[in-house]
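Please prepare a short briefing on the structure shown below.

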Amino acid sequence: MRNISGAAICILVLASGCADKTPPTQSAKGAATGSSDIIPGLLAQVTEANLRRDLFYVAKQPLPFRRANYTVPGHKRSTLEETDAWIERRLRDYDYKVESDICEVQAFGCDLKKPRHHTYARPAYDSQFFTVRNLYAKKTGRRCPKEIIVLVAHKDSQSWIDSPGAYDNGVGTVALLELARVLAGYQSERSIWFLWCNEEHAPWTSNIAAKNCRQRGDNLIAIFNVDSIGGKSDEDIAAGRKTNVTLYTAPEGKRLADLMAEVNDAYKIGLIQSSYERKRPGDDDGSFIKAGYPCAVASLGSYPYADSAYHEAEDKPERVDFVNVRMSTQATLAAVLRLDRAP
Ligand SMILES: [Zn+2]
């Protein structure tokens, strides 16, 4: 997770009824008017046990890192390729078809003269290129298939240092998998896409995903970036606070940040939920804003990001607050479902 600048323009209206006017079914009408809210039952299916099991898999054993430039001794594929294969296997188990974009990236350089937590540097001019992938699992909506809600998380760990990247962004990687699992049998009204990209190698591959969406003219009505959820200061950890900050850049994004606060209250999720206006687009949500989709937000455990192990070797799964990660995952799920089921 990192901040880099850019500009934004766009015009999408959020959840104002879809363009393709197939009449909603009786059950969707009932749910949309609140007569039988199925959201609490789906939220209850998000489990800390799954999040914990998956995070240890991709940030400790058998995968210590998720890097294009690190291969476990004796293995044939890089740890990032092994991560991709594992995500694909899991998605296929849940009956998703997996699509991908092919991208070329380099590892960042490491400059130890730069401040702690920020030692990444431009790749050396002769550094090796690696072929990596964005992975997608897509659900097609039955009522408004052309309106697309995107959940995005970068799956790679830091290419310039030996960090397991448990918070950054192992938690987002496994949160998206858990959401894909919970929603596997759910018949969505709109289309819901899960996207795993790479942000700790250069260039960020969410840029390619966002540009491809723009080129095809995809109608993305909301983009939720899930990055470093639960990551917070030592004081917040000591006080047992369960925090989540939703960053937005444009007014369209503020509506999504407000929605996160609303569902946290409505479903008694228990987060200390706040929002923050970015001065300019950043991280993987920023890639979509720069491509002309302003309705993009990022959820993080804190902002400015306060994890003492940020971009350090100590960013290990043993330190992760899984209760907080589960709550942030549930809040994201509730917001997605609210949008999906809006009239
Ligand atoms: Zn990062």
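Strands β9 (residues 243–248) and β10 run parallel and are joined by six bridges. The model is a predicted one, in which local features need pLDDT of at least 70 and side-chain atom pairs count only at pLDDT 80 or more, while totals for chains, interfaces and linings use all residues. Residues are numbered from 1 along each chain as its sequence is written. Helices (H or I, at least four residues) and strands (E, at least two) are DSSP runs, numbered from the N terminus.

**The sheet**

- Strands of a sheet pair through backbone hydrogen bonds, either parallel or antiparallel.
- Two strands count as paired here if DSSP finds at least two bridges between them.
- Nine strands form an open sheet with mixed pairing, in the order β7-β1-β4-β6-β5-β8-β11-β9-β10. Its edge strands are β7 (201–202) and β10, each of which pairs on one side only.
- Tyr248 stands opposite Glu277 in β10.
- Strand β1 (residues 98–107) pairs with β4 in the antiparallel sense over eight bridges, and Glu99 has Tyr136 of β4 as its bridge partner.
- β4 also pairs in the antiparallel sense with strand β6 (residues 190–197), over five bridges. Here Leu135 has Trp196 of β6 as its bridge partner.

**Burial of a strand and its surroundings**

- A residue is buried if 20 or more other C-beta atoms lie within 10 Å of its own, exposed if 12 or fewer, and partly exposed in between, with C-beta atoms placed from the backbone.
- Why is strand β4 (residues 130–139) described as largely enclosed by the rest of the structure? Seven of its ten residues are buried, so the description applies.
- Ile272 lies in strand β10 (residues 272–277) and counts as partly exposed, with 14 C-beta neighbours inside 10 Å.
- Two residues are in contact if their C-beta atoms, placed from the backbone, lie within 7 Å. Leaving aside neighbours within four places in sequence, Ile272 is in contact with Arg241, Lys242 and Thr243.
- Ile272 and Arg241 are 31 residues apart in sequence, and 7.3 Å apart in space from C-alpha to C-alpha.

**The nonpolar core**

- A nonpolar core is a set of buried Ala, Val, Leu, Ile, Met, Phe, Trp, Tyr and Cys residues joined through C-beta atoms within 7 Å.
- The largest such core has 91 residues, of which Leu151, Ala175, Leu176, Leu195, Ile223 and Ala335 touch the most other members. Helix α5 (residues 166–182) gives the largest share of this core, ten residues.
- Not counting residues up to four places away in sequence, Leu151 touches several residues, among them Leu176, Phe194 and Val336.

**Lys290**

- Lys290 is found in helix α9 (residues 283–290) and is buried, with 24 other C-beta atoms within 10 Å.
- Lys290 and Lys211 are 79 residues apart in sequence, and 8.9 Å apart in space from C-alpha to C-alpha.

**Backbone details in loops**

- The peptide bond from Gln61 to Pro62 is cis, with omega near 10 degrees; Pro62 is in the loop between α3 (48–59) and α4 (79–93).
- The peptide bond from Tyr303 to Pro304 is also cis, with omega near -5 degrees; Pro304 lies in the loop between β11 and α10.
- Ser228, a residue other than glycine, has a positive phi near 60 degrees. Ser228 is in the loop between β8 and α7 (234–238) and counts as buried, with 30 C-beta neighbours inside 10 Å.
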